[in-house]
Amino acid sequence: MNTGTLGVSAEEGLDISGVLYNYTAVKNEVDDFTVTIESDKVGGGYVFQEEHDWDGQHGGTIQNVIPLPYTPIEQFGDGRIRGTGTGSIEDVTILYMYRWDLCRNAQNDVSCPNYIPPLPVIPKIEIYDALEDDAVEQATEETDSDLYKDEEESEQTEEDEENEELLEIALASAENALTIANTVSQSVILKAMNTATNINSYYVAKIPSTTYKDTLDLQGGDIQDNRLIFRSLSQDNLMNEMIKEQYK
């Protein structure tokens, strides 16, 4: 079962409903000969099989139809017509009757319902790597002038570093000299101040120890309470009670 045999593309959606065939058996009357027309079924067995027994007969031509229920093309395997015994088969014609359901598989045609457009083929993009390009490597190789320039820059950097170290040493020496000079100057100033004002006399001054006794004398021996304070407190208490009564 193929496109050449069926006359149409053997795709999903094709159903076979019958087989028409004719052939001519060539044999002698005394010879035993059998002709079989059959088609294998996918998975085992036969979709159809028909056998003609020509024993004791002269050869001849036969034409016949094998009716079938609508059978999907996917179930058909290899088909054949074969002879068993003494004789031959000539002028064979086999025709298949079919119906075509274009949209049983929606992918058969874009006009079918539920058709899903196939995904586009994504082209493979070659990524250019300049690091693997021999021409780029040759173009970026260091020339003699580049090497000479690098050597000059290296010497200049070393000289700059030496100058910076010398400058740091000089600044440190100047700072130490100023620190020593400031220390000496401060000592001389303090010595002159001590001579002019005799600061040492402040360190040897003595303050006499004296006891100061309490001279408070209470008349009558008791401290009387202030009655005005009690009256003021009583008035404050009365005012607070009046305010509370307003909010009850």
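Biologist: Which residue stands opposite Ile16 in E6?

Modeller: Tyr98 of E6 stands opposite Ile16. This is a predicted model, in which local features need pLDDT of at least 70 and side-chain atom pairs pLDDT 80 or more, while totals for chains, interfaces and linings use all residues. Residues are numbered from 1 along each chain as its sequence is written, and side-chain values use heavy atoms, leaving out hydrogens and water.

Biologist: How do you know that strand E1 and E6 pair?

Modeller: Strands pair if DSSP finds at least two bridges between them. Strand E1 (residues 14–26) and E6 have 11 bridges, so they count as paired, in the antiparallel sense. Strands themselves are DSSP runs of E, at least two residues long, and helices are runs of H or I, at least four, both numbered from the N terminus.

Biologist: What makes E4 and E6 edge strands?

Modeller: The open sheet has three strands in the order E4-E1-E6, with antiparallel pairing. Strand E4 (60–72) and strand E6 (88–100) each have a single partner strand, so one side of each lacks a neighbour in the sheet. Neighbouring strands here are turned by 15 degrees against each other on average, direction ignored; the axes are lines fitted to C-alpha atoms, and angles run from 0 to 180 degrees between N-to-C directions.

Biologist: What is the strand order of the open sheet that contains E2?

Modeller: The order is E3-E2-E5, again three strands with antiparallel pairing. Strand E3 (46–53) and E5 stand at the edges, as each pairs on one side only. The twist from one strand to the next averages 5 degrees. Seven bridges join E2 to E3, and Ile37 stands opposite Glu50 in E3. E2 and E3 form a hairpin with four residues between them, and Gly43 in the turn has a positive phi of about 100 degrees.

Biologist: Why is the contact of Arg80 with Glu38 called a salt bridge?

Modeller: The term requires a side-chain nitrogen of Lys or Arg within 4 Å of a carboxyl oxygen of Asp or Glu. The closest N and O atoms of Arg80 and Glu38 are 2.8 Å apart, so the pair qualifies. Arg80 lies in strand E5 (residues 76–85) and Glu38 in strand E2 (residues 33–41), so the pair ties together parts 42 residues apart in sequence. The count by this rule comes to four salt bridges.

Biologist: Which residues gather in the patch of negative charge?

Modeller: The surface patch includes Glu158, Asp160 and Glu165. Glu165 is found in helix H3 (residues 144–197). Patch members have over 30% relative accessible area and no salt bridge, like charges being joined within 9 Å; the areas come from the Shrake-Rupley method with a 1.4 Å probe. Asp and Glu count as negative, with the charge placed at CG of Asp or CD of Glu.

Terms used:
Patch = residues over 30% accessible without salt bridge, like charges linked within 9 Å, V, L, I, M, F, W, Y side chains within 5 Å.
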